[in-house]
Structures are given as C-alpha cells and as structure tokens.
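Hello,

Here is the structure we talked about. Please open it first, then read my notes below.

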Amino acid sequence: MAQVAYVLGDDISTDVIYPGRYMATVLPTETPQYAFADIAELNGKLKAKQIAPGSVLLGGKNFGCGSSREQAVSTLKGHELIIVANDFARIFLQNSINLGLRTISCPGVEAAVGDDLEITETTLTNKTTGKTYAVVPLPSARRAIVDAGGLIAYTRKRVMERAGGQKK
Amino acid sequence: MGMTVAEKILARASGLASVKAGDVVEPKVDLAMSHENAALVINQFLEIYKDTGLEPNIWDPTRVSIIFDHRVPAESQKTASNQKKVREFVAAQTIKKFHDIRGDVGGICHQILPENGYVRPGMVVVGTDSHTTSHGALGAFAFGIGATEMASVWSLGSVLNVEVPATIKVNVTGTFKKFVGPKDLILHLIGKISAQGANFKVIEFHGPTIKKMSTSGRLVICNMSVEAGATSGIVPADAETMRYLREEAGVKGKVEAVLPDKDAVYEQVIDIDVSRLVPQIACPHTVDNVKPIKEVAGKKVNQIVIGSCTNGRLDDLAIAAKILKGKKVAAHTRMLIFPASGRIYNQALAKGYVGEFMKAGAVVMNSGCGPCLGVHEGALGDEEVALSTTNRNFKGRMGNPKSEVYLCSPAVAAASAIKGVITDPTKGAK
Ligand code: SF4
C-alpha cells in the first residue's frame, strides 16, 4: 500500500521539479535536496524526511514536460517516491525507466493527500474512496530495461557481450 | 505500405527494409550531441564500464559533439569544474566536434550543429537536450534523450529499444503578413494541439509556406515542436536545405534527401493557412497558453530578451535591428540580446546590428543560452514580467518562480522594447 503525500496539477515541468539554476549539480547523490525547490512546503517536507520512501506524488496530465534534464528524475528517485499521473512527457518517462523511478500512468485517477493506493501491474485502487482505475502499461519496448534493473545494467550487459564476441 | 520520413530514416538506421509506427528498433546513431550535461553523461558512462575490466572508450568519437552553451562563461565554481572535467575527457577521447567558450566558433548547440554542417538529411541525431528536435529542420530524425541514455549511446553507438513513433502531418499554406513568421506559426500550432498534442509523435511539416521558408525559420518550428511534446519535428529536405548545407554550412560531397512515400501513413493531418495569422503570444506558465497579441497588448514589460536556440539567428536580429533603428528602449525596460553563435555575432557586427542595438540602449551579451534557462545573466525580480523570443515560459524558467514569462517573435520583442509594453508590430507596418 502506498500513501499519497502530495498532490500536484497538470503540466508539472522539469523546471518545477528541478529548477534550472541547480543544473550545475549533476550527481544523483547530490540532486535530491533540490527536489521541487520552488515549492517550499514540498521541498521542506522532503528534506526533513517527513515524506516516507514509497510515498506517492500525484500529478495530472503531461507530468515531466520540458527539458531532458535527468536531475528531474534522480532528484525524485533519491527520495524513493512513486509518481502517479494521468500521463507523462516522453523524455521524462524514458529517463524514469532508465534510472528506475517508479512512474504509474493512470488516466482519470483521483486521490487526495493521505489516501491509500493499491497499485498492481494493471490497476490502481484508491482504498480510501474505493475507486479502481486502469494502469497503462509501460511501453513494451522499454520493459527489457526495467527487467534488467535499469539502463546502466542493461547496457553493461550488452558491452560485455560485445567484448566476449570479439575475443572469440 | 508507404513510410513517413521518420520511418524511412529509422528503417535505414536499423538495417531494415521497412518499419512502421509501433515497431521496436535499435537505430544506429549518426550524431550524438551533449552540452555541459556531458559532465553527467561521463559519470554514467564510467558507471557502465565499472568492474567490467574493459576500457571506457566512446564507440566513435567522430560522431560525438560537445558544446558549452548553457552556463557560459561559467557562473559558479561547480560549473567551471564540470567544464574542466569535460575538456579533459574530450581531449582523452579525441572528440573533435567540441566547441568551447569562444567568440568565433562557440555558441548554442542547436545553432552550432547546423552551421558547421554536422547535421545532414537522413541522419539519426540524438542530443541530451529536449530541443534536439531542431535538427529535423535539415531533414534528419533528431530527438532528445537523457544523460544515461547518452552514456548508453556512447558505449554502443545505437539507441536501445526505440519504438517507432507515429507521424502527424502539418500542411502549411498562405503567405505571412509583414512581421508575422515561423515563430507565430509554431506558437499557433502548439496552442491548437496543446503541450502534449504530439507526445510520443513526430510532426512532419509540408506545404508551400514551408517550401518558401528559410532553414533559419524551419529551425524555429522544429525547435519548438517539442513544446507540443513531439519526439521530433521534420521538414523533408529540399532545394533550400541543399542551399543551406552548401552555402552556409560548407558541406561538400553527396547529400541525399529522405522524402516520405506518396502513400505514407499519417496518424493525423492538420492544415494551417497563415495568411490571416496575427502575432501570437504564449502566456504564463505553459507554452500552449497561446493568445493572439491583441489580448495581451499593453501589458507592461520589465525585461525583453532576444536570443536562444529558437530566435537568436541573423534574420531574427535583422528584424529587430530594423525596428529598433534610431529608436530607444523604454526607460523602465531592460533589453538583452544574445546572438545564437559567435559566427552570427560576428555577422551582426559586420552588418551594424550590434551598434544599432547598443545605441537603442539594449545590452548585447555573449552567445549562449543566457537567461533562457534562468541560471545566470538576466534573472527576473519578484513580480517582474519578461517578454522573450525563447521557447519556454514555465514557472521559474527565467530564474524566479514569482515572475512571469511571455513568449513571442523577434518582431514583437523589438516593437515592445520601444514602448515598454507588449506591442503589435503589424499595427502601423507598411
Ligand atoms: S537556448 Fe534555452 S532552450 Fe535553447 S538549448 Fe539553451 S537553454 Fe535550452
């Protein structure tokens, strides 16, 4: 069971998730402190660890629109959040899959802070309201990357295979 | 079944006779671009090779380009140190398509790649920047990726598990009114189909208006295709593309256009007639909040910005210089101008534009991204309003979440600078 910790609106851009002025900070270990830096309440709660790992941030449509900055994903991954939204912008979704941030595309989902959600591969049930919604599966093409444990591991495997092939 | 430009390019790059939307392919990459975020790419690249006992070497350094533009000259110790780290990596890996902070060959990545002839029709181009869509202006399939994805490309030379996107065809007819142009067209389209109207899709531009449009204008519409969510914006290569490549980008040797099949399958066809289009403004805080100028005309503006990978090219500066010549920037307004590259800056100097701008009271800054992403140079104060030829107006984009950014064409920006309020340049235009 995952609890909704914060509710955001539509078109949450990467500038809102991770403002451009912190882009000089690149290391995934250093980015979490700047998550939602311009939403003082949310940033404060995250930094004070008042939002437990495994909690849900709820967005509307087009979550993660804007730039390709991977900090917008590593900053959320650093807090081990689950992002539930109607849908996601392409590059953000791709980056999430690559880095292992859990994103749930769930059109029409409705929930409030404190609601408990039960999320499976195909459905999301809001235990508090009793409503169930369909979950859109990840692009099938990307499934293999998730299964491999992220793009670094997936690519490493390919690099090793290539090296093995050359030796023969 | 016929193929779109994107399908043809992806088929060729994946070694397949044909592909269709929804297929999963692994295209070889012709050009891989990064900017300062190469610092993160390097980190992830080394991570891939960690404990493998293998040397971390880029698959083909001639296909990699790195350009410093986002924070130039460095605004902080951190950026300066990252740039230093990237320079060392560039030297170690012998990356030749590297553009450091320079007044001659430096500039914004999305201007540097085209003007140096690095991008050609039919290429697969990836960049760790969402506006990599720009390069579709030259008939390439170009899209933005994250840093880890780029580290994977540096390792393997291909993009793993790409789903072939469906294509939306946009057919543009009519002649623009004076002081209305490509920026107004793309803002209008984004307003019409919304910020996610083309998410996971390609926009292919056609029609007589596009045929007549310069490569500079095509770069504007492909650049901002991503603001409708598009994976890529593409103008099929034609005579103008060849002219640009030969005359402006110094490309020699064979260049082949990739054109869509007559029976290509489009998910949707959108027709736009620009003959009655008026200047368009994207209002805070989303790019699809687009209004005809009369709805916001008269709004007081604190800062005007002309520049960026969208509208910092010579023709943009020419329009602004024409409007500003002999006039003054309003007393309560600041005007900042950022030529998109060192080459353009030098051309603007030679043509006298820079002198006109400075006499009018504008500040002409170094080439680079400048205030577009709110890192340094030109941050806004609380409750201040900016009118900018850049491509994003998200909350906080220009460095302050309590400010507002409106997006417009260079003509609107220049006319508004004189009055200090949002001003329609077509009013009173002869
Ligand atoms: S000018 Fe702005 S949009 Fe273009 S590459 Fe630079 S930061 Fe990105």
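Start with the largest pocket: H5(A) gives the largest share of its lining, six residues. Helices (DSSP H or I, at least four residues) and strands (E, at least two) are numbered from the N terminus. A pocket is an open set of points on a 1 Å grid over the protein atoms alone, where a 1.4 Å probe fits, with protein on both sides within 12 Å along at least five of seven lines; lining residues have an atom within 4 Å of a point.

This is a predicted model: local features need pLDDT of at least 70, side-chain atom pairs need 80 or more, and totals for chains, interfaces and linings use all residues. Residues are numbered from 1 along each chain, chains are lettered from A and ligands numbered from 1 as written, and side-chain values use heavy atoms, without hydrogens or water.

The largest pocket is lined by 45 residues. Leu93(A), Ile97(A) and Pro137(A) are among those nearest its centre. Chain B takes part too: S6 and strand S7 (162-163) each supply at least two lining residues.

Now the interface. 49 residues of chain B are in contact (heavy atoms within 4.5 Å) with 48 residues of chain A. Leu40(B), Asn161(B) and Gln196(B) supply 14% of the area that chain B buries against chain A, more than any other three residues. Buried area is the accessible area (1.4 Å probe) lost when two parts are put together, summed over both.

Four salt bridges (Lys or Arg side-chain nitrogen within 4 Å of an Asp or Glu carboxyl oxygen) cross this interface. One joins Glu149(B) and Arg142(A), at 3.0 Å, N to O.

Best wishes
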